[in-house]
Amino acid sequence: MARLPAGSLDCRLDRSATRAPDAADRPAVEHRPGSGPGCDGGLARARAPAACQGAQNSSQPSLRGIASGPSGDRLSVTETFDYVVIGSGAAGSSAARALVDLAPEVAVVEEGPSVPTEQFSDRAFPSLARLYRDMGAQLTDGRAPILVLQGRCLGGSTVVNSAIMRRLPEEVWAEWRDVHGLGAALPFAGIDNASAAIESELHTASTPETVWGGNNRLMSLAAVRSGIAGSAIRRNVVGCRGSARCNVGCPVDAKQSMQVTYLPYAAERGARLFTDSRAERVELRGRRAVGVQTTAGFLAARRAVLVAASAVETPRLLWRSGVRSPHLGRHFQGHPGMAIVGLFDEEVRLGRGATQGFELDGLRSDTRVKVETLAAPPETFFGGMPGVGREWLSLMAGYARSAVWVLPLRSYAEGRVSTGRWGRSISFRLDPRDLPNLRRGLRQAAELMFLAGAREVVCPVHGLPRRLRADQLGLIESGTNDPSAYSLAMSHLFGTARMSSRPEAGVVGPDFCVRGTDNLYVVDSSVFPTNLGVNPQLSIMAMARLAVERLAA
Ligand SMILES: Cc1cc2nc3c(=O)[nH]c(=O)nc-3n(C[C@H](O)[C@H](O)[C@H](O)COP(=O)(O)OP(=O)(O)OC[C@H]3O[C@@H](n4cnc5c(N)ncnc54)[C@H](O)[C@@H]3O)c2cc1C
Ligand code: SF4
């Protein structure tokens, strides 16, 4: 691992925030690797056996059970690992999967629960309660709040995502090279090769027409009729049955999310998965991370601690651990987006088909907007529809003949995730260039809906007629500049512990190591210096894999 000259540090460690553990005071607990019988690592199959599934494995007691003692001293138990990974989502699981090939003693700490597939439900309330952070109600602050969706369970957001796999666009990497000096340190070929390997391991392929359903089919029709570039989405699934339930957990483990792939792979090779265990802080002794204090006990790390708690939680955890940098929690970026609904005379059957199976890239260069289908079960769809009373009921009655498309925007805005004493808020205001781009994208997507045969389009912007006819689409583009009029949500999050080759410009260096430390790494999308304009999970997995390659070198 690269060592930095002391004078190059731009992060300082706040010693008052850290409490160095004294391992000698604590009785060591024997490490019991938790490989379950019959596990094959989950990579060659859609569903791993229950014995592979981390905390569900009875040979892998959760820390909560081990650590609670009559004294109530949560530091009274220490387990020692080579590496401790915080967070089990796209980044943490990918890191763990790579780490177990290097060293057997790896721990993964996950704040959320392990939710068995049998407990996935198509009902919104239990799904949000079990699988999502803040029950899916996490909002940015201010008068124009934006919904910030994140998973909070074993497997993280991969359990609730739509399985879309996109590689890092080369033009985005060029920004990283030119603006953030990461070209030589982070060659595009390295990220692309890692992405290719992951695509193969996670069985990534174009969504076959057999599971398109009506929603995806209509977008493909619009692409053909308009000549706008579009394609079936490449997804990491095996045997998808088109149940349109990706966002509440795949009921048949067709989706190759982390809890059925990389986590079982790691567990079979001895990794321990600790669920319902929140990392409170990383313990630093001088420049060295020596372990992780969790809500249920202390995990000592011989070699390194890797933080992968997401672009919202990672900066908070680093702050609690004593890391200080003017960039920590800042530069928060995302893809705020919204949905439009097409009302058709024909049956669309929104609840059938791959959740997100078709996409249009053709508007990105002009509007920074990507257009994707989004199928959803009735309950989720109903909750997102505008209006009240009769008007709302009549939209509900049209569920079977509705198509839903979403438009994530590559926003120019940079916000801030508050850390430490400033509470838990997320500040994010749209940039003045964002709404004109979004409106142009909305108008063009609405035109495409009509091209596909829609009778009317619902564009949930306050002030617009609830249902728009084809001759009213100009109203979208001349719409309000008040951001609170738009129903926005985002689930692609970046930048809060960004990487830079210049010590004064980032929290981590190109080796993914937090500046000022020797072995504390950030491996999630907090390190991405910009947003991407495309779905990020594959790039996040690839970057986490590169991080492990580097720390092992
Ligand atoms: C509904 C939805 C749909 C999406 N669809 C797609 C898609 O189709 N394609 C795509 O590319 N991307 C998609 N995304 C985004 C993608 O899933 C995320 O960008 C990616 O999973 C982020 O990876 P991560 O490891 O940084 O965070 P996460 O996957 O969110 O994992 C972070 C984990 O860390 C845990 N954690 C946080 N703090 C602590 C702590 N202190 N101690 C212990 N554990 C902690 C969390 O509970 C969580 O499980 C979607 C996201 C959502 C929410
Ligand atoms: S559409 Fe249904 S079957 Fe297919 S991956 Fe998503 S949840 Fe699983």
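Residues are numbered from 1 along each chain as its sequence is written, and chains are lettered from A and ligands numbered from 1 in the order in which they are written. In this predicted model, local features need pLDDT of at least 70, side-chain atom pairs count only at pLDDT 80 or more, and totals for chains, interfaces and linings use all residues, while side-chain values use heavy atoms, with hydrogens and water left out.

The protein chain contains 14 helices and 23 strands; helices (H or I, at least four residues) and strands (E, at least two) are DSSP runs, numbered from the N terminus. Of its 553 residues, 61% count as buried, where buried means under 20% relative accessible area, exposed over 50%, and partly exposed in between (1.4 Å probe, protein chains only). Among the contacts in the protein chain with a separation of 6 or more, 76% come from residues 24 or more positions apart; contact means heavy atoms within 4.5 Å.

Helix H14 (537-552) is part of what covers the buried residues of H4, as is helix H5 (188-201). In H4 (residues 170-180), the buried residues are Val172, Trp173, Ala174, Trp176 and His180.

Axes are lines fitted to C-alpha atoms, for helices over the stretch in contact, and angles run from 0 to 180 degrees between N-to-C directions. The crossing of H5 and H14 is right-handed; a crossing is left-handed if the near helix is turned anticlockwise from the far one by less than a right angle, and right-handed if clockwise. On the H5 side, Gly190, Ile191, Ala194, Ser195, Ala197, Ile198, Glu199 and Glu201 meet Leu538, Met541, Ala542, Met543, Arg545 and Leu546 of H14. This contact of H5 with H14 comprises 9 nonpolar, 2 polar and 3 charged residues (Ala, Val, Leu, Ile, Met, Phe, Trp, Tyr, Cys and Pro count as nonpolar, Asp, Glu, Lys and Arg as charged, and the others, Gly among them, as polar).

For helix H2 (residues 90-99) and H14, the axes come within 8 Å and cross at roughly 40°, so H2 is oblique to H14. H2 passes H14 in a right-handed crossing. Ala90, Ala91, Ser94, Ala95, Arg97, Ala98 and Leu99 of H2 make the contact with Gln537, Ile540, Met541, Ala544, Arg545, Val548 and Leu551 of H14. By class, 10 nonpolar, 2 polar and 2 charged residues form the contact of H2 with H14.

Ligand 2 is surrounded by 15 residues, the closest being Cys240, Arg241, Ser243, Cys246 and Cys250; a residue is near a molecule or strand if one of its heavy atoms lies within 4 Å of it. The shell around ligand 2 divides into 8 nonpolar, 3 polar and 4 charged residues.

Positive phi values also occur in residues other than glycine, including Met135, with phi near 55°, and His331, with phi near 60°. Met135 lies in the loop between helix H3 (124-131) and strand S4 (147-148) and counts as partly exposed because its relative accessibility is 37%. His331 lies in the loop between strand S12 (323-324) and strand S13 (333-334); at 13% relative accessibility, His331 counts as buried.

Definitions and conventions
Angles under 35 degrees count as roughly parallel, over 145 as roughly antiparallel, 65 to 115 as roughly perpendicular and the rest as oblique.
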